[in-house]
Amino acid sequence: MSFYSHRIALQRALLRLGSKPLSSVLSALVIAIALTLPALGYVLMDNLAGLARGISGKPELSVFLKNEITRDQAKIVEARLLADTRITALRFIPREEALKQLSAHGGFADVVVALQDNPLPDAFVLEPKEASPATFEALRTMLTALPEVAYVQLDSEWVERIHALVELGRRAALLLAGLLGTALVIVTFNTIRLQILTQRHEISVSLLLGATRQFVRRPFLYFGLLQGLLGGIFAWGLVGALLLAIAPRAQALARSYSIVLDIAMPSVVEIAVLLAFAAALGWLGAAFSVRHHLHDGPVD
Amino acid sequence: MIQFDHVSKHYPSGHEALSDLSLEIRHGELLVLAGHSGAGKSTLLKLIAALEAPSSGRVLVNGLDVGRMRRSQVPYLRRSLGLVMQEHRLLMDRTVFDNVMLPLVVSGELPRDAKKRVHVALERVGLTPFERVMPVTLSGGEQQRVAIARAIVNRPSILIADEPTAHLDPAYAREIAALFRSFHAAGVTLILATHDDTLYSPYGARRIELSKGRLLT
């Protein structure tokens, strides 16, 4: 009996969706557009986070010596660094090798040829034992204080900035999802309000003949849920299409920085979460609407 | 079966539709409510079906106090009644068959059993050939018969009709009245509000008259 009444409600909701296909599709598209923006933002942030993870490697410190420092002085610095227990690996990069690497890097060969002297300093690249911010900061302070050192650079700084940016982007996407989710609830609320108005006579007759409030409400709730679900499906279609459209250009841009970029499509779990989110918001909008508009029951 | 115990009904406008009315309707009775427009006939019928609540007093239907009934119980009361209103209240975008099926759909009857009962109800009112047509194509008398089929499809023990022949010509009115009398003959308690009690009085109906919300006879 209960399952049957749900089946009837679902059938009636589907009939209502199908009776005005253009209107149903347009409403679902409005929902889809509202969902596409945060969903796309989230997927892009996910891709960016993956990219940052892929290229960050181990966090390192680059220690640039002053230009006037001789190789002997550099060896003294190296000995001091090797004695430091906080450092797990150390690599010396002479200025000649640094210049060679620079000329091998795309775009700088002509610049290097034009140079009369090698302007690059000798440098050490060291890997701390612990990757904690406190260790990095302590090492940076110690190294900066050395008279032979000109500049200390934390190589993973820009990766951390990307991570921070990704986190900011994710939060923005979530806030946007909350905002546009509210819009989705309002759209469904209004759609159901109009349906209740147009079906006032049928509702009134049903109540007169012994329909329960649940019997009257249920098709509207299913309608909201189905409309949200349809909007969610359209939204994923749009997200997929937009990702396919921007992928070639994004990959070309990444290649120019010698980065291999794979744009990942949303996972099955992500798709399921968005569909559930859209369906739940549709149901919520419908629930608010029937609660508000069918509260007193239009019996007469 | 149905008892009105010092029932009054006041509307927010100040109009007093019923005033200290006490009445008992027995099982299997044919009761005709007579009276001028605004006498309180429709209000009395609405109180039985919990379409209105009494301002004071008690309305008991099969022992249940309709005025104090929980809202969730009201649909089950209405399913036990057959209601025919002055305006037939058919769904004009549904076929005759679907209109008659509606009370069975709302009460969760399984389709196979429901369809059989719809066929029986339509046969009872003589509308079997019209089951696939839209009510809008039918005459007033035929539309009222659809409403009657819808009222009896749940096999109610109490049938309530509010001016069921008000807008019909005399020939149709006699036809509908004969149909109601046949339900009464089959054991259904029949309560009718009508301006034309001559359609029922010669057939053993109890006639009561209302005036300004009070019982005259």
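Which helices of chain A and chain B do the buried residues of α3(B) pack against? The structure is a predicted model, in which local features need pLDDT of at least 70 and side-chain atom pairs count only at pLDDT 80 or more, while totals for chains, interfaces and linings use all residues. Residues are numbered from 1 along each chain as its sequence is written, and chains are lettered from A and ligands numbered from 1 in the order in which they are written.

To begin with the whole chain, chain B contains six helices and 10 strands; helices (H or I, at least four residues) and strands (E, at least two) are DSSP runs, numbered from the N terminus. Its radius of gyration is 17 Å, close to the 17 Å that the globule rule gives for 217 residues, so chain B is as compact as a globular protein of that length. Here the radius is taken over C-alpha atoms, and the rule is 2.2 Å times the number of residues to the power 0.38. The C-alpha trace of chain B spans about 45 × 40 × 35 Å along its principal axes. Of the 217 residues in chain B, 43% are buried, that is, they have 20 or more other C-beta atoms within 10 Å of their own, with C-beta atoms placed from the backbone.

Next comes a sheet. Four strands of chain B form an open sheet in the order β2-β1-β4-β5, with antiparallel pairing; two strands pair if DSSP finds at least two bridges between them. At the edges, β2 (16-25) and β5 (64-65) of chain B each pair on one side only. Strand β4 (residues 56-61) of chain B joins β5(B) through two bridges in the antiparallel sense, and Val61(B) stands opposite Leu64(B).

Now to the opening question. Helix α3(B) is mostly covered, with eight of its 11 residues buried, among them Val96(B), Asn99(B) and Leu104(B). These buried residues pack against α8 (200-208) and α9 (213-256) of chain A, together with α4 (111-124) and α5 (140-152) of chain B. After α3(B) comes Gly108(B), which has a positive phi near 75°.

Methods:
A residue is buried if 20 or more other C-beta atoms lie within 10 Å of its own, exposed if 12 or fewer, and partly exposed in between; C-beta atoms are placed from the backbone. Two residues are in contact if their C-beta atoms, placed from the backbone, lie within 7 Å.
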